Amino acid sequence: MAKHPTPLLDQLESGPWPSFVADLKIGAENRHKNEKGLELQIPEDVIDDLLGVLELSFKDGTTHWKHGGIVGVFGYGGGVIGRYCDQPEMFPGVAHFHTMRLNQPSGLYYTAEYLEQLCDLWDFRGSGLTNMHGSTGDIVWLGTRTEQLEEIFYELTHTYNQDLGGSGSNLRTPACCLGMSRCEFACFDAQKMCTDFTNEYQDMLHRPQFPYKFKFKFDACPNGCVAALARSDFSIVGTWKDDIQIDQEAVAAYVGGEFAPNAGAHAGRDWGKFDIQAEVIDRCPTGCMSYEGGKLTIDNKECYRCMHCINVMPRALRPGKEKGASILVGAKAPILDGAQLSSLLVPFIPAEEPFDEIKEVVENIWDWWMEEGKNRERLGETMKRLGFQKMLDACGMEADARHVQEPRTNPYIFWKEDEVPGGWDRDVEEFRKHHQR
Amino acid sequence: MPSVEFQGKNFDIDEDGFLQRFEDWCPEWVDYVKDSEGIKDLTDEHNKVIEFLQDYYKKNGIAPMVRILSKVTGYKLKHIYELFPSGPGKGACKMAGLPKPTGCV
């Protein structure tokens, strides 16, 4: 028998999609049964009370978590999101309901053994509820009490060789697409770079020292499977420099219907026979492709590397061989001064271990932003306030046509004094000699 | 609102052990908090950090950014963590009696 009636939540057990309510109820039941005989370190009815407080929120349409919460483990300034229920008498099981962030493996590959070990620990010292994974990438452990934090951290680090993720005004947990592990589009080893950067910048991740949060994300090609361009202050996106590799025989197989376009991604509907002209040539954003006499040609000088043709005919077209990455910076959500996608900073940079070229850019930007950034100002906002040129200067880079989508339309152009003959010191009397008042 | 008594003084605190009112701060508070913040003995360096945080808060109404705390005290972040194991926010600000840090922490 459930501890709290949940008529509203019960409705979410119907329908075909996996129901979080059904899962929560199974979790609650399992805690009561406790078949492994665990000495549960937080209330047995934590999940019942979570359902109860959620039902109450459904009923009155408002949250029942208190504002904020500052808890953590010694040595770190982040990693745990403290949370307290605002009805602790009614729902004592979730009076404390802190979230712990665990740094996930790049690409989210696991073994059952590892996940089971983590689950054993979390069942014992936490609620048993998780979020796989948080938007930034962390394994998220939902709900434990303050006294358990150091206990869990000790066990994680000593037994499982597993660290916490980031939170606060620091480097958040980096994330990547699954890259070369199982994608023929990958232009660099996104997982390796993600792991390398995570290890290199541990201090920035665990001890907040920035004006505000800062995120890395690594996409191995412009398809953006980890959405680096939209969800990271420093977005690394794989690309190539030379020609797209064409296999004409495979092109013929697409035209002949032996290979399904987009690897069969649109098989759920009849779109007619594959038409290379309509679906590839005419859709190329730069119009740099042609298909004549059964031969596909690409004017690679005019190619944006948008991925469309490669996405449509993955067995016939491949990224070039001279691979690397672009760096884009400044993406952020709307608060405070509006949403931003990242802006192109470095069109092409080598992306091979030990990634020194990219790290140099990172560290130049940090030096600048840590000094100039205002309290709680994202990098994208610092760029807006001080200007893109200032960031180029900080990185020691020359401006390039590729830095803009279009040149400015307003004429409010600043010049440096030393660029202007005669400088800024002028004598009005001198001017009056030629121009009467 | 929970309250604690220590060496004859009463302190109103929140769940995270932060003082509810900055005006309630007194040297006994520091003595009371230090154990739970992993600090054995208070040194002049601890006091320097605490005093600066309080001065800054009184003048500006907010806690200083980490960078400013480092610059003024001359202590690198690493050293601040050596002094206050749970860091400048949870450790030093709590001991100095400043309000609990907020935002996306």
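**Figure 1. N161(A), an exposed residue with positive phi**. In this predicted model, N161(A) counts as exposed because its relative accessibility is 72%. Exposed means over 50% relative accessible area, buried under 20%, and partly exposed in between, with a 1.4 Å probe and protein chains only. N161(A) lies in the loop between α5 (146-160) and β5 (175-176) of chain A. Helices (H or I, at least four residues) and strands (E, at least two) are DSSP runs numbered from the N terminus. Phi of N161(A) is near 55°, a positive value in a residue other than glycine. Most residues other than glycine have a negative phi. N262(A) also has a positive phi, near 50°. That residue, N262(A), sits in the loop between α9 (248-256) and α10 (276-279) of chain A.

Residues are numbered from 1 along each chain as its sequence is written, and chains are lettered from A and ligands numbered from 1 in the order in which they are written. Local features need pLDDT of at least 70, side-chain atom pairs count only at pLDDT 80 or more, and totals for chains, interfaces and linings use all residues, while side-chain values use heavy atoms, with hydrogens and water left out.

**Figure 2. Two cis peptide bonds in chain A**. One joins M132(A) and H133(A), with omega about 0°. H133(A) is in the loop between β3 (129-132) and β4 (139-142). The other joins E353(A) and P354(A), again with omega about 0°. P354(A) is in the loop between β13 (343-349) and α12 (356-372). Most peptide bonds are trans.

**Figure 3. G107(A), a buried glycine in a loop**. The loop runs between β2 (99-102) and α4 (112-125) of chain A. G107(A) counts as buried because its relative accessibility is 17%. Which residues does G107(A) touch, not counting residues up to four places away in sequence? They are C176(A), L178(A) and Q191(A). Contact means heavy atoms within 4.5 Å. G107(A) and C176(A) are 69 residues apart along the chain, yet their C-alpha atoms are separated by 6.2 Å.

**Figure 4. C183(A) and C221(A)**. C183(A) is in the loop between β5 and α6 (190-200) of chain A. This cysteine, C183(A), counts as partly exposed because its relative accessibility is 29%. C183(A) and C221(A) are 38 residues apart in sequence. From C-alpha to C-alpha, they are 9.8 Å apart in space.

**Figure 5. The largest pocket**. About 2,100 Å³ of space lies in this pocket. It has 48 lining residues. The closest to its centre are L344(A), R402(A), H403(A), V404(A) and Q405(A). Elements that give two or more residues to the lining are α8 (228-231), β7 (234-240), β12 (323-329), β13, α13 (379-386) and α14 (388-395) of chain A. The largest share, 5 residues, comes from α14(A). On a 1 Å grid over the protein atoms alone, a pocket is an open set of points with protein on both sides within 12 Å along at least five of seven lines. Lining residues have an atom within 4 Å of a point.

**Figure 6. Helix α13(A) and its packing**. Which residues of α13(A) are buried? They are L379(A), G380(A), E381(A), T382(A) and M383(A). These buried residues pack against β12, β13, α12 and α14 of chain A. G387(A) follows α13(A), and phi of G387(A) is positive, near 100°.

**Figure 7. The largest cavity**. How many cavities of 30 Å³ or more does a search of the whole structure find? The search finds 1. The largest cavity has a volume of about 110 Å³. Of its 16 lining residues, the closest to its centre are C284(A), M289(A), C303(A), C306(A) and C309(A). Helix α11 (residues 308-312) of chain A gives the largest share of the lining, 3 residues. A cavity is a set of points on the 1 Å grid where a 1.4 Å probe fits but cannot get out. Grid points are joined across faces, edges and corners, and a volume is the space filled by probe spheres set on the points.

**Figure 8. Chain A, for orientation**. Its secondary structure comes to 15 helices and 13 strands. The C-alpha trace spans about 90 × 75 × 45 Å along its principal axes. Buried residues make up 45% of the 437 residues.
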